[in-house]
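Subject: Structure for you to look at

Hello,

Here is the structure I promised you. Please open it next to this email and follow along.

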Amino acid sequence: MSGIQFTTPVVDSIKFEKKTGFVIANVEINVEIAIKKSTLISTENGAYLYGIKIDISGEQSPINLSLLISATFKIEAAEDEIKKIIEDKGTKILVSYARPIISDIIVRSGLAPFDLPYIEG
């Protein structure tokens, strides 16, 4: 198997809500993060469109955020292994692109920076 190739990930949709009256001041922020994987869609030339949806919410979260990000992946592997490889490596790649986008939105919304928990694909 050779390496995985992919196009630059794109944000397909984003919904963001800053909760009013929430103050971040030396308190632990507990957010709930859910990652939903999309179905692989076969495209031309043996490539696959794949995306993930990241939802951040929770009673103690200062935000509600939903981000859908995707890319087209191409990999040379046995047909029965492609889905597993793209879902594993593709999820990790897409999360790594989504994390700075999410952090930037939080800071630009006027909230004080806070650490997002590690997002595992």
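Read along the sequence, the pattern is β-β-β-β-β-β-α. That comes to 1 helix and 6 strands. Helices (H or I, at least four residues) and strands (E, at least two) are DSSP runs, numbered from the N terminus.

This is a predicted model: local features need pLDDT of at least 70, side-chain atom pairs count only at pLDDT 80 or more, and totals for chains, interfaces and linings use all residues. Residues are numbered from 1 along each chain as its sequence is written, and side-chain values use heavy atoms, with hydrogens and water left out.

Now the overall numbers. The protein has 121 residues, and 33% of them count as buried. Buried means under 20% relative accessible area, exposed means over 50%, and partly exposed lies in between (1.4 Å probe, protein chains only). Take the contacts between residues at least 6 apart in sequence: 66% join residues at least 24 apart. A contact means heavy atoms within 4.5 Å.

Strand E5

Start with E5, residues 48-57. Of its 10 residues, 7 are buried, so the strand is largely enclosed by the rest of the structure.

Which strands pair with E5? Strand E3 (residues 32-37) is joined to E5 by 6 bridges, and the two run antiparallel. Two strands pair if DSSP finds at least two bridges between them. Look for Glu32, which stands opposite Ser57.

Strand E4 (residues 41-42) also runs antiparallel to E5, with 2 bridges. Here Ser42 faces Tyr48. The hairpin of E4 and E5 has 5 residues between the strands, and Asn45 takes a positive phi near 60°.

Strand E6 (residues 63-74) is joined to E5 by 9 bridges, again antiparallel. Tyr48 stands opposite Phe73 in this pair. The hairpin of E5 and E6 has 5 residues between the strands, with Gly58 at a positive phi near 130°.

Ser61 sits in the loop between E5 and E6. Is Ser61 buried or exposed? Its relative accessibility is 0%, so Ser61 counts as buried. A polar atom of its side chain lies 2.7 Å from the backbone oxygen of Ile63.

Helix H1

Next, find H1, residues 79-108. At 1.5 Å a residue, its 30 residues should span 44 Å; the end C-alpha atoms are 43 Å apart, which agrees. The expected span is 1.5 Å times one less than the number of residues.

H1 has a kink of about 25°, centred on Ile85. The bend at a residue is the angle between axes fitted to the seven residues ending there and the seven starting there. After H1 comes Gly110, with a positive phi near 95°.

Several residues of H1 are buried, among them Ile82, Ile86, Gly90, Ile93 and Val95. The buried residues of H1 pack against strand E1 (5-6), E3, E5 and E6.

The core

Which residues touch the most other members of the largest nonpolar core? They are Ile86 and Ile102, in a core of 24 residues. E5, E6 and H1 each supply at least two residues of this core. H1 gives the most, with 9 residues. A nonpolar core is a set of buried Ala, Val, Leu, Ile, Met, Phe, Trp, Tyr and Cys residues joined through side-chain atoms within 4.5 Å.

Best wishes

Technical notes. Polar contact = N/O pair within 3.5 Å; in protein donor to acceptor, adjacent residues only side chain to side chain.
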